[in-house]
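Good morning, and thank you for coming. Please look at the structure on the screen while I go through its surface, its helix and its sheets.

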Amino acid sequence: MNKTKLLKIAILLCQLFSLFFLGLSLHTIFTVSLFAISTETFNFAFNIDESTGDLFVILDGNLTNNAFLDVSLFFEVAVLNSDGQNIAKNSTSLNLNAGDTSPFAIKLLIPTEIAWSINLENNIGSLEITLTLKTLGDLVGFTNKMMITGGGEN
């Protein structure tokens, strides 16, 4: 075989491997993200500390990776006032090997003075959740930002 034919075969094999790993990556992202956004994965809780009056916002869940590749996840939760300014923000990250399940929890503390100033009865303010999912050695991934806005008067 001449060098040109070997080069063509090498390029073809490289393209086939690239397509294979792209397909695996997309399958992993699709599988994990569908599971991550299901209603059974996340649990929101709002608790008030009776002694101090502080408000706790807790996001917890249990994620499962049913795909073939490992994934790394980053969660960030922020509570914003009606002007869009951060009141509280916290984040966590975790790595899920293929076939593993991992619990996570993010806890936000909103002091009493601020909790009452955002007028919880009228739902003024918003909750912002950011999810970043990466696979294949962090080469393939996406970020999704979800905003839950309160229904205050305009």
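Predicted model: local features only at pLDDT ≥ 70, side-chain atom pairs only at ≥ 80, totals over all residues.

I begin with the surface, where M1, L6, I9, L12, L13, L16, F17, L19, F20, F21, L22 and L26 make a nonpolar patch of about 1,200 Å². A patch here joins residues with over 30% relative accessible area and no salt bridge, with nonpolar side chains (Val, Leu, Ile, Met, Phe, Trp, Tyr) joined within 5 Å and like charges within 9 Å. A salt bridge would be a side-chain nitrogen of Lys or Arg within 4 Å of a carboxyl oxygen of Asp or Glu. Accessible areas come from the Shrake-Rupley method with a 1.4 Å probe, and for residues only the protein chains shown count as cover.

Residues are numbered from 1 along each chain as its sequence is written, and side-chain values use heavy atoms, leaving out hydrogens and water.

L16 counts as partly exposed because its relative accessibility is 47%; buried means under 20%, exposed over 50%, and partly exposed in between. Helices (H or I, at least four residues) and strands (E, at least two) are DSSP runs, numbered from the N terminus.

Let us turn to the sheets. Strands of a sheet pair through backbone hydrogen bonds, either parallel or antiparallel. Two strands count as paired if DSSP finds at least two bridges between them.

In what order do the four strands of the open sheet stand? The order is β4-β3-β6-β7, with antiparallel pairing. β4 (86-96) and β7 (140-149) each have a single partner strand, so one side of each is left without a neighbour in the sheet. Helix α1 (residues 3-36) packs on this sheet and touches β3 (71-80), β6 and β7; contact means heavy atoms within 4.5 Å.

Within this sheet, ten bridges join β6 (residues 126-135) to β7, and L131 stands opposite N144 in β7. Ten bridges also join β3 to β4, where F74 faces S93. Their hairpin has five residues between the strands, and G84 there takes a positive phi near 85 degrees.

Finally, three strands form another open sheet, in the antiparallel order β1-β2-β5. Its edge strands, β1 (42-48) and β5 (101-110), each pair on one side only. Ten bridges join β2 (residues 55-64) to β5, and T64 has T101 as its bridge partner.

Conventions:
Axes fitted to C-alpha atoms, helices over the stretch in contact; angles between N-to-C directions. Buried < 20%, exposed > 50% of the residue type's maximum accessible area, 1.4 Å probe, protein only.
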